[in-house]
Amino acid sequence: MTKKSNIEFEDMNLQVGVRLQIMPSKAANPSVHYTSLIGFVSGEYLLLKIPQEGAVLHEGDSVIIRVFSGVSVYTFSSQVESVLKSPHAMMVLAFPAAIQKVGLRKAVRVKANLPVKIKNPQDPANFKMATLSDISLSGALVSTARPLGTAGDTVDIEFSLRDQASNQEVTIATTASIRSVQQSAGSTADGATFQTVYSHGINFHDLGTREQAILQNFVYETLLIHRT
């Protein structure tokens with residue numbers, strides 16, 4: 001990841017309705033909640049919806065706001081100036097004084113351990129279940145007991161990630177090309193027996209805009225968890 005400071009608010013190009021992450025900055029175990037931008041007056045304040053999923057924020061609370069845009073993540077600190085319940089539920093936050101931008105490189109990989117369904121484009125009725133061992137914005141490492149093919153072959157893959165904004169599981173289905181195949185010895189979960197493991201490096205093709213955003217969110221959240 002690459003960091004850049006001295007970002008202006010306008011550089012984020014935030015649109016009304018954009019989803020934002022919000023978390024208390026002084027909590028011992030801060031939990032991430034989701035809100036959306038109602039509006040703002042540059043240099044004065046932000047208007048955000050009150051998170052619905054159990055977040056309790058009060059006037060004077062310090063918070064951290066994070067927003068995903070393309071392959072960049074913008075983060076800034078703010079303070080809750082007011083919580084309004086009428087005529088509409090919303091929060092007034094102090095306008096950010098400093099914004100940090102983190103560029104998320106496509107090559108950054110994180111551990112995943114997700115079940116993935118593999119299909120041959122020529123025989124879509126049959127499929128194999130495998131493990132998606134790690135993942136990046138552009139591809140993944142898929143582990144199987146039998147080889148899926150050779151370098152250059154194309155497969156259809158299907159796996160699920162949780163969309164943090166809606167708190168729902170979203171199925172990501174796309175075509176991928178096998179970039180490399182490596183054979184190694186692995187063990188069962190209890191360590192009792194050894195087995196051959198085939199690790200396939202794959203590149204994603206044609207991910208939709210929503211799927212890209214969900215994948216970016218997953219990768220960045222996983223990086224944050226391991227960093228802390």
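Rings of Phe, Tyr and Trp, the last represented by its six-membered ring, are taken to pair if their centres lie within 6.5 Å, with planes under 30 degrees apart classed as stacked, over 60 as edge-to-face and the rest as tilted. By this rule, three aromatic pairs are counted in the structure, which is a predicted model. In one of them, Phe9 and Phe40 have ring centres 4.8 Å apart and planes at 65°, so the pair is edge-to-face. This pair links distant parts of the chain, since Phe9 lies in the loop between strand S1 (2-4) and strand S2 (19-24), while Phe40 lies in strand S3 (residues 33-41), 31 residues apart. Phe40 counts as partly exposed, at 36% relative accessibility. Phe9 and Phe95 form a further aromatic pair, with a distance of 4.7 Å centre to centre and 45° between the planes, and this arrangement is tilted. Elsewhere, a ring is approached by a charge: the charged end of Lys117 sits over the ring of Phe127, 4.6 Å from its centre.

The largest nonpolar core holds 26 residues, of which Ile135, Ile157, Phe159 and Phe204 touch the most other members. Two or more residues are contributed to this core by each of strand S9 (110-120), strand S10 (123-135), strand S11 (139-144), strand S12 (154-163), strand S13, strand S14 (194-205) and helix H1 (209-227). The largest share, five residues, comes from S9. Apart from its neighbours within four places in sequence, Ile135 is in contact with Val108, Arg109, Val110, Ala112, Ala140, Phe159, Phe204, Leu215, Phe218 and Val219. A second, separate core comprises 21 residues, including Leu37, Val67, Leu93 and Ile99.

Strands S10 and S11 form a hairpin with three residues between them. The two strands run antiparallel and are joined by four bridges; Asp134 has Leu141 in S11 as its bridge partner. S11 is mostly covered, as five of its six residues are buried.

The C-alpha atoms of Ala176 and Asp156 are 6.1 Å apart in space, although the two residues are 20 residues apart in sequence. With neighbours within four places in sequence left aside, the contacts of Ala176 are Asp153, Thr154, Val155, Ile157, Ile202, Asn203, Phe204 and His205. Ser177 also lies in S13, which spans residues 168-187. Ser177 has a relative accessible area of 16% and is therefore buried, the cut-off being under 20%. Residues up to four places away in sequence not being counted, Ser177 touches Asp153, Thr154, Gly201, Ile202, Asn203 and His205.

How values were computed:
Residues are numbered from 1 along each chain as its sequence is written. This is a predicted model: local features need pLDDT of at least 70, side-chain atom pairs count only at pLDDT 80 or more; totals for chains, interfaces and linings use all residues. Side-chain values use heavy atoms; hydrogens and water are left out. Buried means under 20% relative accessible area, exposed over 50%, partly exposed in between (1.4 Å probe, protein chains only). Contact means heavy atoms within 4.5 Å. A nonpolar core is a set of buried Ala, Val, Leu, Ile, Met, Phe, Trp, Tyr and Cys residues joined through side-chain atoms within 4.5 Å. Two strands pair if DSSP finds at least two bridges between them. A charge sits over a ring if NZ of Lys or CZ of Arg is within 6 Å of the ring centre and within 35 degrees of the ring normal.
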